[in-house]
Protein chains: 4
Amino acid sequence: MSPLRVGVVGVGVMGADHVHRLATRTAGAELVAVADPDRGRAQALAADVGDAISVHADPLELVADERVDAVLLASPGAVHTEQLLACLERGLPVLCEKPLTMDAESSEQVVRAEQELARPLIQVGFMRRFDPEYAELRSMIGSQRWGRTLVLHQIHRNLSVPNPRFRSEMIVRDSLVHEVDCARWLLGEEITAVQVIAPAPTSHALEGVADPQITIFEMASGAVVTNEVFVNSRTGYEVRCEAVGESGSAIIGRPGSGIYTTAVGETGGGWGGRIVPDYRERFARAYDLEVQAWVDEARRGGVVGPGSRDGLAATLACSAGMESLRTGAKIEVPQTPFAPRR
Amino acid sequence: MSPLRVGVVGVGVMGADHVHRLATRTAGAELVAVADPDRGRAQALAADVGDAISVHADPLELVADERVDAVLLASPGAVHTEQLLACLERGLPVLCEKPLTMDAESSEQVVRAEQELARPLIQVGFMRRFDPEYAELRSMIGSQRWGRTLVLHQIHRNLSVPNPRFRSEMIVRDSLVHEVDCARWLLGEEITAVQVIAPAPTSHALEGVADPQITIFEMASGAVVTNEVFVNSRTGYEVRCEAVGESGSAIIGRPGSGIYTTAVGETGGGWGGRIVPDYRERFARAYDLEVQAWVDEARRGGVVGPGSRDGLAATLACSAGMESLRTGAKIEVPQTPFAPRR
Amino acid sequence: MSPLRVGVVGVGVMGADHVHRLATRTAGAELVAVADPDRGRAQALAADVGDAISVHADPLELVADERVDAVLLASPGAVHTEQLLACLERGLPVLCEKPLTMDAESSEQVVRAEQELARPLIQVGFMRRFDPEYAELRSMIGSQRWGRTLVLHQIHRNLSVPNPRFRSEMIVRDSLVHEVDCARWLLGEEITAVQVIAPAPTSHALEGVADPQITIFEMASGAVVTNEVFVNSRTGYEVRCEAVGESGSAIIGRPGSGIYTTAVGETGGGWGGRIVPDYRERFARAYDLEVQAWVDEARRGGVVGPGSRDGLAATLACSAGMESLRTGAKIEVPQTPFAPRR
Amino acid sequence: MSPLRVGVVGVGVMGADHVHRLATRTAGAELVAVADPDRGRAQALAADVGDAISVHADPLELVADERVDAVLLASPGAVHTEQLLACLERGLPVLCEKPLTMDAESSEQVVRAEQELARPLIQVGFMRRFDPEYAELRSMIGSQRWGRTLVLHQIHRNLSVPNPRFRSEMIVRDSLVHEVDCARWLLGEEITAVQVIAPAPTSHALEGVADPQITIFEMASGAVVTNEVFVNSRTGYEVRCEAVGESGSAIIGRPGSGIYTTAVGETGGGWGGRIVPDYRERFARAYDLEVQAWVDEARRGGVVGPGSRDGLAATLACSAGMESLRTGAKIEVPQTPFAPRR
């Protein structure tokens, strides 16, 4: 079977990471094109990882490139709609980094366009679904060996956010969105209401930014999910999830796993380990597995993992979250009108 | 210094535990009297642990007993008011198991009566304040080495509740009450609002009982506390607390501490440890330290630990919690009018 | 039942610790006398914890004191023989800090003198037998739920040893001795051979001191025990034991138990906890339980825990260890001729 | 750059695993041939993973196959010498599963043949060197942030060994060999002496088989390594290593990492996790990284990781171990005469 010829759109931090992944540790893929409005950057990256890689300043040109079998979109969310629609039109499998698009309307437009095709083409980059620990947790929940799952406790901490234009809403849209997808996927059901509670903020956040945030999801079955998102935690990237069933519970992502050391501290000895600084290290394996699965399935003519409908559902829940953040009230989440992928 | 002659009122599970504690592992105390409406039970217990122990069917008779220097109240909450007032009248130091009393009005009556005395006499049995792990956590919070503490996550699970008349409110009054006191004590401030969220209940709870419950406390400083209380968890007694500061966090009570074993399981090997079945094992050391501190301080003419005002504050927060459970709304907590103990 | 009137001999670090324990947190005991060649120190300590406490410069005077019901020996090992024999002569229960005596000959003399009495009187201060984790491990081994126990791995690290006259043998006599007693007690059998292996020493030890030491015990049943003793580990007091059975294993004393925190480290965030600096903190509870058990049993006319024969057996094994350290050879351990206590 | 065309010799458990790895999750590799004396089995496997894969019954035929750029040897150790020499003769890069060969003489022959070539070609399958936790441990040791490393404690447990012809020596040759390589690689020095101590064996081992075994390595620097190898542990695959430095220590492979669950056990609740059943799960990532690194480096004309000299050194240490097992004595390890790879 010939390799899948992949084009990558967007060569920022995430896109460059994917370029290296495709070029050096993905089986069955051949990186054939990159696109970025910053053509020089794309050029330099292409030169770094191979030869005979086309470079485009215009992403739509890459989508139209005859050599490209499939597209990995790592461009900003604001330009996803146009690029996704172009991929669908050409019938190209596409792995789209989250968010699917920036609002419900455009997400619905994308889902509708995809559902009109003979077969689905879009995988959304909720990489946690490919993380082995998350997968084990989901399988445990699905087995019902502890009965129904009643509660999830999710924690999401980042070291810091240097962006000087950062606003409270971005915590919902860019960070909580992962918890939204995890809750839906782990429990296999929709979020029906979202309530954001803002504690007195840390002094390490920008003036006016509500960080941390405590968020409550109500699920269709009546299950409840608590979330802490804290993007200026100053400690590192901590992502944990505890699922509580009728007769048992499970936790993933505890600090305390892995290697630990003892050493002389300032006030006597201590034991402990390192907290990973960011998502690229924590989810390195998940990203590898995600992209490999996407390539494998695309070569077989199929698609796996979270789809455009999941991207839309995440957008709907996050929109409700942003409204709750503004108003302080619990907000009902409108349900997507589309049927799940067969 | 002569030993403190202690009388114990109530010889149910908790009272009998205290009787053994005072008789066999508390320094400076002499158990001189026990009282219980079930006189036979009190008689049997007294005979078991010593000689020359007076036995009373009427608790007030014990309070009036000339040999008694101090009283440990382990009677049902409904009779606390009368018994506490009797102790105050006789000027006896008293260690009162929680709750102080059953409602705010009677709690205020007790606080007022005590504040009219020359010196405070009441210690309330919030034993967690004497647990070494909780004490270490509080000291870490108080040191502000990670700045202000913004969030607490508290988890409280019991194995099961066999009581056939158990009702949802009891989760608030008898279990959440400990989290109420911990939140106030750890953070050093009052709870200003309580919101109870009831997930779809476990099938192991009685029909109509909301178990588990997720409860949110808003604190005076703007800190937020999330609580899970799950009294039919089927796994054991799990009490955990995570404090999240501006640049660090700490957890106590993790499962995973202590001894662990590996063994052949049904589907291959596993590692792990036992979860303690109940509070008496988990907080054995805390109870010992609590009673020893009470005895030591009473012999010196003083009182330590949580006082009647803390008991009243807990009652006020739990009353708000019960109202939130009924209405689904967030309820403001009225603040106690009394000044803290000097 | 009247309290046990206790005299403490030796008010160094360990003795002073016991004086506070007896005076403030042991039920049923009354501290009535202290003795130390440094009379001023004894005087100051006595004044600190009570009144009406006799102070002796001569330990044998304390043993002869009519008010003393029982003696706690915390004097240097070199004077134990004489003091123990005096206690036995007066028929006083005695809790003797390890070592029982400094050599096998004198230990045998003590055991013989005790066995001639109508009832045993000596408890040796191997406090780990009272540590809850060690007790749980022993009970697990004894249950044989994993079959026979084949191997123990014991680790014993101290922060540092400031003593400028410290010699390699002291690691065997003062530190390994605890592992000797644990191995015998956990496995319920005698050590038959000892081999000490000395790695290249740490640069933090005194010139010429073999630290760390790896020691192998062969047990009567064929079980094997590995030991690491490292008294200048620079990290703190770490005492661990892993027992390996035919179909399971268990570990106690892992770093990683208890509270842990996350914080900003020099090179990014880390998680972890404190290592206790010394044995007094690690075994605080064990010491309390040890002394309480000694007092309780002495008041009933009995004796519990490790006895003089265990002290002798430890001396025999440590003597073999010291010879192995000198010669590099595996040394057989002579077996004590005395029968175990009934 | 064109992909590396790989032939796999041997399609037993390990070989079949590598065939799937090369065919589905290794970038830059193309599986072009498989060989196995059991031609039918090789045929079936080839059909399973691709088309246009040549199948050989004779491994030397595969080595001579013009399409083959590089060879992965997963055949039994007894035929390695001949196959390795054939690869060297043809100038083919080869990844050889351990052991390099069955005895020191043949290993030396292979090393000598390779050293006569212009460039090295052999990588030996000590996959642990590619495990992220081992790599982190080695980097910590190498940094000397805790000074020199004085002691390693290595533990290696297998669930069980069903082989009815299993003998004690195989524990040394097939299991301890990994610890031999880890000790050499982690500490960066040679083993100078090996002593095997055999506890009374588990009743789950075959009659006459010494299982578990405690083995002591003395290293050139004076560091000491303790090893427990227990191949019928009945609990699962547990591989741990603790490194003890002059002012700190580190552990990898603790049970207790990763997901854990709580559940109702037979005697009340417990918490814990699964122990992986075998090396293929524990070292899945290490194998992937090992093969990817081999492919990447072979395409660049180089070789990485452990080489033939490391295979020889392991053979020399294991031979000493087998002699110690027979005699009970400590055996000096002869040092390889060959210089390390440049």
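Visitor: How much area is buried between chain A and chain B, and how should I read such a value?

Guide: The size of an interface is often given as the accessible area lost when the parts come together. In this predicted model, chain A and chain B bury about 2700 Å² between them, with carbon and sulfur atoms giving 59% of that area. L150(A), A200(A) and E246(A) supply 16% of what chain A buries against chain B, more than any other three residues.

Visitor: How many residues of chain A and of chain B are in contact?

Guide: There are 40 residues of chain A in contact with 40 residues of chain B.

Visitor: And how many polar contacts and salt bridges are there between chain A and chain B?

Guide: Side chains of opposite charge can pair when their charged atoms come close. Between chain A and chain B the count is four salt bridges, and 13 residue pairs are in polar contact across the interface. On the side of chain A that touches chain B, β7 (149-157), β8 (191-197), β9 (213-219), β10 (224-230), β11 (238-245) and β12 (248-252) each supply at least two residues. By class, that side of chain A has 16 nonpolar, 15 polar and nine charged residues.

Visitor: Which residue forms a salt bridge with R157(A)?

Guide: The partner is E242(B), and the closest N and O atoms are 3.0 Å apart. This pair crosses between chains, from strand β7 of chain A to strand β11 (residues 238-245) of chain B.

Visitor: Are R157(A) and E242(B) buried or exposed?

Guide: R157(A) is buried, and E242(B) is buried too.

Visitor: What does a salt bridge within one chain look like, say for R5(D)?

Guide: The side chain of R5(D) meets that of D69(D) at 3.0 Å, N to O. Distant parts of the chain are linked here: R5(D) is in strand β1 (residues 4-9), while D69(D) is in the loop between α3 and β4 (70-73), 64 residues apart. R5(D) counts as partly exposed because its relative accessibility is 30%, and D69(D) is likewise partly exposed, at 25%. For a network of salt bridges, look at R129(A), D181(A), R184(A), E190(A), R309(A) and D310(A). Over all chains the count comes to 104 salt bridges.

Visitor: How many residues does the largest nonpolar core have?

Guide: In soluble globular proteins, nonpolar side chains tend to be buried together. Here the largest nonpolar core has 77 residues, and those with the most contacts inside it are V71(B), Y134(B), L152(B), L186(B) and F217(B). Helix α7 (residues 168-187) of chain B gives the largest share of this core, eleven residues. Beyond its neighbours within four places in sequence, L186(B) is in contact with several residues, including Y134(B), L152(B) and C241(B).

Visitor: Why does T315(A) count as buried?

Guide: T315(A) is buried because its relative accessible area is 9%, and the cut-off for buried is under 20%. The place of T315(A) is in helix α10 (residues 308-327) of chain A. Its side chain reaches the backbone oxygen of G311(A) at 2.9 Å. Leaving aside neighbours within four places in sequence, T315(A) is in contact with T101(A), D103(A), A104(A) and S107(A).

Visitor: Where is Q213(D), and which backbone oxygen lies 3.0 Å from its side chain?

Guide: Q213(D) is in strand β9 (residues 213-219) of chain D. The backbone oxygen of A210(D) lies 3.0 Å from a polar atom of the Q213(D) side chain. With a relative accessible area of 1%, Q213(D) is buried.

Notes. Residues are numbered from 1 along each chain as its sequence is written. Chains are lettered from A and ligands numbered from 1 in the order in which they are written. This is a predicted model: local features need pLDDT of at least 70, side-chain atom pairs count only at pLDDT 80 or more; totals for chains, interfaces and linings use all residues. Side-chain values use heavy atoms; hydrogens and water are left out. Contact means heavy atoms within 4.5 Å. Buried area is the accessible area (1.4 Å probe) that two parts lose on being put together, summed over both. A polar contact is a pair of N or O atoms within 3.5 Å; within protein, one must be able to donate a hydrogen and the other to accept it, and residues adjacent in sequence count only if both atoms are side-chain atoms. Helices (H or I, at least four residues) and strands (E, at least two) are DSSP runs, numbered from the N terminus. Ala, Val, Leu, Ile, Met, Phe, Trp, Tyr, Cys and Pro count as nonpolar, Asp, Glu, Lys and Arg as charged, and the others, Gly among them, as polar. A nonpolar core is a set of buried Ala, Val, Leu, Ile, Met, Phe, Trp, Tyr and Cys residues joined through side-chain atoms within 4.5 Å. Buried means under 20% relative accessible area, exposed over 50%, partly exposed in between (1.4 Å probe, protein chains only).
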